Structures are given as C-alpha cells and as structure tokens.
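Here is a briefing on selected local features of one protein chain. Please read it alongside the model.

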Amino acid sequence: MLKMLIADDEQIILDGLKQSIDWKSYDIEIAGTARNGIEALELVNTLKVHIVVTDIRMPGLSGLELVKEIRKARQEVRIIIISAYEQFEFAQEAISLGVLSYITKPLKKKKIIDEVLKARDAILKEKRERESITRLEELYKNNLPILREHFHNNLIMGRARLTGDFTKQFALYEIDLDNSNVGVAVFTIDDQTETPDEFFEKSFQLINLRIAEMAREFLPECYKKIVFQSYNNEVVMIYNAGCEFTAAIKDVTLTAEKIKNSIRLETKVSVSAGVGRIYPHIRDASLSYQEAVKALNYRLVYGNNTVLYIDNVDMKEMKHAHLFNDLIEILRNLQNILSTGKADEVKKLTRAKISQIISCGSIPYYYVQQVYCQLLSSMLRTLYEMNISPEQLYGTPVHLYGEFFKKKTLDEIEEWYDDLVERACAVINQKKAEKAGWVINSAVSYIKKNCKRDISLGEVAEFVNLNPSYLSRLFKEEMGIQFVEYVRNVKMELAKEMLKNSSKKIYQICEELGYQNVQYFSTVFKNTVGMTPVEYRKMSMAE
C-alpha cells in the first residue's frame with residue numbers, strides 16, 4: 001500500500017481530503033497530515049511517503065519551497081499541488097519542479113481522486129519497471145559465464161557484432177582485452193577417438209580445464225589474454241601481442257610447448273597446438289583462429305604432440321602453388337554439379353583434380369588433404385544454401401571436419417569422401433523430387449482452375465516462381481507430356497463435359513475455353529478426341 005501525506009494550513013481541507021474519500025479502497029494509506037511546510041517536510045522524510053498533496057501557500061515553507069526541499073533528497077516522490085490561485089507563474093514553476101498536477105480550488109473530489117490515482121499508477125509502473133530491470137540484471141549476472149563463452153565463440157567464428165566502443169562491450173562481459181594486435185592459439189587433445197570411453201567421459205573436460213589453467217599461468221603477465229573452450233572442444237587463447245610480434249609469437253609457442261609437455265607428464269595424454277598470425281584489430285581474431293586451426297590440422301603431417309605456427313607450414317606450400325591455380329574454378333564447378341544431385345559427376349571432378357596433383361610426384365600428403373578439405377568446405381556451403389545439414393546425411397549429429405581429419409591415408413579419404421558425396425546427392429535428389437512434386441501439383445491445380453481462358457507457360461511459371469524453360473522441362477519429366485499438350489487435353493476434357501451435359505452452342509464452348517476461332521477449336525477437338533464436336537455430341541445423346 002502506498003503512503004500519502006496531505007499538507008494544508010486549513011484544517012477543514014485536511015479533514016475533507018482525509019475523511020471524505022475511502023483511500024484504502026484505492027490501495028493508498030494516509031500516512032500523515034501537516035498544517036505547515038516545515039512539519040510536512042519532516043513527515044516526508046520520516047514516514048517515507050510516496051505521494052504528497054500540498055497547498056501552494058502555507059506557513060513555514062510554501063508549497064513550492066516544500067517541493068524544492070523534497071526534490072533535494074526524494075526525486076521519486078510524486079507531488080500534487082492545490083491552490084486557490086490560477087496564476088500561470090505558479091503553475092509554470094510547479095511544472096519546472098517536476099510537480100505531477102496543479103489543481104485549483106474549490107476542490108472537486110473526482111479531480112483529486114483522478115490525480116492521486118495518476119500518481120499511484122506512475123509509481124507502481126516505475127516500481128514494476130525497476131523490478132523487471134533488477135530481475136534481468138540478476139538473470140544476466142547468473143548467466144554471465146554462459147553469455148561470455150557464447151561471445152568468445154562468436155568472436156573466433158567472426159560472428160560477434162563489435163561496436164565502435166568495444167571497451168564497453170568487453171566491460172559488459174567482464175573481458176580484459178585490448179582491441180589491437182590480437183593473436184590466437186588453439187589447443188586440442190590428439191586422437192580423441194582412440195581414447196577409452198570411460199576416460200573420455202571422466203577426464204576430457206578436466207584436461208581441457210587444466211590446459212586453460214596452464215595457458216593463463218604460463219603465458220607472461222605482460223600479455224592480456226582470455227582462455228576458453230570452443231564449441232569444437234578446443235581450448236582457445238586470444239591474446240594481445242603488444243608491439244613486438246616476433247617476440248610474442250616466440251613466447252606463445254614456447255608457452256604451448258610447455259603446456260603440451262606438462263600435460264604429457266601429468267596425464268600421459270598427447271596435446272597439440274596451432275598458432276595463428278597476429279592481426280591489428282580484435283575483429284580479425286577469427287582470421288587468426290582459422291589459421292591456428294589450419295596449422296593445428298597439419299599435425300597429421302608432422303605428428304601429434306606438436307606445436308605448429310601457421311607461417312612455418314604455409315611457407316612450405318609456395319613451391320607447389322601452381323597446383324592450386326584452378327582450384328577456385330573447380331570448387332565453383334563442384335557446387336554447380338552437386339546441386340544437380342549427380343554423384344558420379346561430382347566424384348569424377350574430384351578424382352580429376354587429385355590425379356593431377358599426384359601425377360606431379362613428390363607431393364606431400366597434406367597437399368592432397370588440403371584440396372579435399374576445401375572440397376569438403378565447398379560441399380558443406382552448397383548443402384547449407386540448400387538448407388541441408390550434416391545431420392540429415394547421417395541421421396545423427398556429426399562433425400565432418402573431425403571425421404575427415406581422422407583419415408590417415410589417401411584411400412581412406414577417397415572412400416570417406418565418395419560415401420559423403422553419395423549421401424549428399426541422395427538427400428539433394430530427394431529434396432528435388434519433393435519440390436518437383438509440389439511444383440507440378442501447384443501448376444496442374446492452377447491450370448485446371450484457369451483453363452477456361454487462354455493460359456500460357458509463362459503465366460504458370462510465374463505462379464510457381466520458376467523459369468519457364470525449367471518448368472517446361474520439369475513438367476515433361478514429371479507428367480510424361482508437354483505443357484501445351486497437357487493444357488490442351490484439360491481443355492478438351494472440359495469441352496467433352498460441356499458437349500455432353502449442356503445445351504451450349506459449339507461457339508459458346510469455344511469461347512469459354514479461350515479459343516478465338518471455332519474452326520481451330522473443332523480441329524483441335526477432332527485431333528484429340530477422334531471426332532468433331534458435333535459428332536461427339538450426337539454420340540453422347542445416342543448413348
């Protein structure tokens with residue numbers, strides 16, 4: 001219940017306002033009354049009232065002076081002024097002081113009630129808003145670790161929406177990181193699939209936590225850093241490199257070496273790390289992350305329990321760069337062929353490129369692996385654009401990149417990749433069939449509804465949102481008949497019904513079906529049915 005104070009130097013006004021209205025029915029308690037401004041101010045502070053109704057002229061402190069004093073400490077109090085004066089100056093000053101209402105005497109009960117209820121509703125609304133904000137702040141505080149982890153992952157995936165003043169954004173998540181000279185290192189447990197299930201369940205997360213703990217402890221304090229677990233179960237470290245990039249890379253790689261060696265000693269588990277390049281702005285952390293993951297994947301070439309910096313593996317690729325000159329075109333062709341659902345054509349394209357690389361001789365395994373990796377990326381992009389997820393291919397959640405990097409030989413990769421292509425094309429063809437069925441059903445329904453007029457392929461194609469030539473080809477494939485021939489047959493069937501069941505003239509039927517020439521209509525009818533409209537009607541009547 002809200003507390004209200006009434007202040008007026010006339011006792012009759014005080015008694016009238018207090019006793020003539022059932023304030024409790026409005027959930028308001030008259031906490032006190034005052035005959036002068038000084039007494040009113042004291043009661044406002046001691047009773048902690050929510051609403052004050054005060055006369056503008058009182059001894060000790062006037063109503064306006066009382067308002068000024070209240071506003072010094074109690075901004076939230078709603079104040080209603082009553083006055084026997086209608087001077088604009090009083091009302092104007094009252095408004096400037098944040099007075100809710102200015103009521104002139106003689107007082108009317110309804111007006112007083114309305115204004116007090118307006119104050120009550122404003123207070124309750126503000127209270128609800130404060131409570132809502134408090135709940136949201138509490139919810140945010142309780143879920144901050146989850147929100148921060150989500151932000152971290154979005155940052156390395158390039159999906160974080162960094163504002164101009166990123167420092168406020170980082171402060172919101174309690175992240176101590178600068179926006180300049182940013183690098184990323186990624187740690188992962190090697191050969192996770194060969195680890196016993198009971199170990200994996202019990203110890204995998206604990207080892208990741210230990211790696212994260214070591215990363216925070218071992219990297220020199222001069223580097224600001226954040227360490228977290230990615231959605232791919234990697235331990236990721238984002239750090240500020242300062243101005244000496246070479247020194248920073250050296251410190252990070254040495255830290256990674258120390259971590260993998262320590263984990264090996266403590267748990268006998270092999271850990272590898274990839275280190276990306278340093279970039280000038282935090283928004284480029286995703287680029288460094290991608291490079292760190294790319295470097296990390298080269299452990300299949302260099303072995304497990306290793307630390308790899310991207311520059312050290314990328315530079316070795318330069319002498320074979322010509323092998324990748326046409327890769328962009330091949331990837332584009334892959335997307336185009338895959339969308340047709342022709343698995344044999346997709347595999348043929350892949351094998352042609354792989355054969356070209358192998359034929360050069362002395363090509364490292366990881367070159368072939370890199371091509372397959374990009375083919376996989378292109379395939380997944382195409383599937384994504386077609387709204388097909390990897391789960392739909394296997395019927396269960398699957399991490400395709402993880403599966404890919406488990407393969408140890410070219411034969412294993414080729415076998416796995418061909419199986420993936422077959423699965424992808426099967427789903428694509430299924431979706432195409434479903435879509436084709438829907439399109440043809442829609443087209444047929446539209447034709448039947450509109451066949452009593454001249455109807456074109458372009459009109460129906462626009463209705464089903466397809467290119468006319470594609471619709472024509474699809475129609476022939478699905479219906480076994482050309483579009484024009486189908487429309488003609490529908491019209492002729494309708495013509496037969498009208499000839500048989502109505503007394504309409506031939507020319508009337510001709511016009512209703514969208515034909516402009518009776519002779520042409522009769523010719524089409526005879527070619528389709530085997531007799532003229534007149535002959536068909538006579539035969540129908542004879543039956």
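Asp55 sits in strand E3, which spans residues 51-55; strands (E, at least two residues) and helices (H or I, at least four) are DSSP runs numbered from the N terminus. The model is predicted, with local features requiring pLDDT of at least 70, side-chain atom pairs counted only at pLDDT 80 or more, and totals for chains, interfaces and linings using all residues. Residues are numbered from 1 along each chain as its sequence is written, and side-chain values use heavy atoms, with hydrogens and water left out.

**Asp55**

- The UniProt record, an unreviewed entry, places the annotation "modified residue: 4-aspartylphosphate" on Asp55; such annotations may be inferred rather than shown by experiment.
- Asp55 has a relative accessible area of 5%, so it counts as buried (buried is under 20% relative accessible area, exposed over 50%, partly exposed in between, with a 1.4 Å probe and protein chains only).

**Helices H2 and H3**

- Two packed helices are described by the angle between their axes and the distance between the axes.
- H2 (residues 37-47) packs against H3 (residues 63-73) at about 25 degrees, and their axes are 10 Å apart; axes are lines fitted to C-alpha atoms, for helices over the stretch in contact, with angles from 0 to 180 degrees between N-to-C directions.
- H2 is therefore roughly parallel to H3 (under 35 degrees is roughly parallel, over 145 roughly antiparallel, 65 to 115 roughly perpendicular, and the rest oblique).
- On the H2 side the contact involves Gly37, Ala40, Leu41 and Val44, and on the H3 side Leu66, Glu69 and Ile70.
- By class, this contact has five nonpolar, one polar and one charged residues; Ala, Val, Leu, Ile, Met, Phe, Trp, Tyr, Cys and Pro count as nonpolar, Asp, Glu, Lys and Arg as charged, and the others, Gly among them, as polar.

**Residues within helices**

- His152 belongs to helix H6 (residues 144-156) and is buried at 6% relative accessibility.
- Not counting residues up to four places away in sequence, His152 touches Ile175, Ile226 and Phe228.
- Thr253 lies in helix H9 (residues 245-267) and is also buried, at a relative accessible area of 18%.
- With the residues up to four places away left out, Thr253 touches Val275, Val307 and Tyr309.
- Between Thr253 and Ala185 there are 68 residues of sequence separation and 8.5 Å in space, C-alpha to C-alpha.
- Lys496 is part of helix H21 (residues 483-501), and apart from neighbours within four places it is in contact with Phe525, Val529 and Tyr536.
- Lys496 and Tyr140 are 356 residues apart in sequence, with 72 Å between their C-alpha atoms.

**Positive phi in loops**

- Most residues other than glycine have a negative phi.
- Glu174, not a glycine, has a positive phi of about 60 degrees; it is in the loop between helix H7 (166-172) and strand E6 (180-189).
- Glu174 is exposed, with a relative accessible area of 59%.
- Asn233 has a positive phi near 65 degrees and lies in the loop between strand E7 (225-229) and strand E8 (235-240).
- Asn233 counts as partly exposed, at 27% relative accessibility.

Terms used: Contact means heavy atoms within 4.5 Å.
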